[in-house]
Amino acid sequence: MKRAAKRYVDPAADKTSADYLQAAADLGAKDFRRELFSQADDDFGVQVANVEALLKPSNWQTARPSVEIHAHYNQLNNLIVAWHPRGGREQFSPNFISRVEHEFLIRPAEYRRPRGELMYVQEPFGRGAPLGRSLLRGFAARYRELLTEIASRIDITTCVQLRVGAGGRSKGHKLEISKLKKYMQRPDCIP
């Protein structure tokens, strides 16, 4: 029996996360996957306060710190995108980096995610062909936008890539995580 190769469906470079959100809304996503649509509508799971804290120069000890951005699925199939200091924790203010490390060790509170998390998406899976795929492409596009925003102020040494894996009709689509790769600082080379 011949095994089919995995196909990847990446977001188009010229489309933004807002474009995908609008496309999903036009297709009726509000009724289809209410939880996933509400997360997309709420800045695609980006933890804005945590991103702002990372980009705040008063939390740095160097002119331009470097970070590594990684992602994983937790036991509840929720996608977590987080950062870690790449060149050593000395790049950041001792109070700031201690809080970041401490919050990763304790259980996150329901009302706030740990400071090291940049994105948190509950069950990023889609079953409706164009509709679910559009929402998931929006999450992947928002991740790329987030990388561009962070790279404008901080050096990203390595990061993962989020892609929409085409699983077919029975399995649906999901956000797949690539291996850590070197991040190219030019906008046209975003992984």
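Predicted model: local features only at pLDDT ≥ 70, side-chain atom pairs only at ≥ 80, totals over all residues.

Let me start with phenylalanine 96, which counts as buried at 2% relative accessibility, where buried means under 20% relative accessible area, exposed over 50% and partly exposed in between, with a 1.4 Å probe and protein chains only. Residues are numbered from 1 along each chain as its sequence is written, and side-chain values use heavy atoms, with hydrogens and water left out.

Searching the whole structure gives four aromatic pairs, a pair being rings of Phe, Tyr and Trp (its six-membered ring) with centres within 6.5 Å, stacked if the planes are under 30 degrees apart, edge-to-face if over 60 and tilted for the rest. In one of them, phenylalanine 44 and phenylalanine 139 have ring centres 5.1 Å apart and planes at 90°, so this pair is edge-to-face. Phenylalanine 44 is buried at a relative accessible area of 3%, and phenylalanine 139 is buried as well, at 0%.

Coming back to phenylalanine 96, its ring centre is 6.1 Å from that of tryptophan 83 and the planes are at 10°, so the two are stacked. Tryptophan 83, for its part, is buried at 1% relative accessibility.

Which residues form one aromatic cluster? They are Trp83, Phe92 and Phe96.
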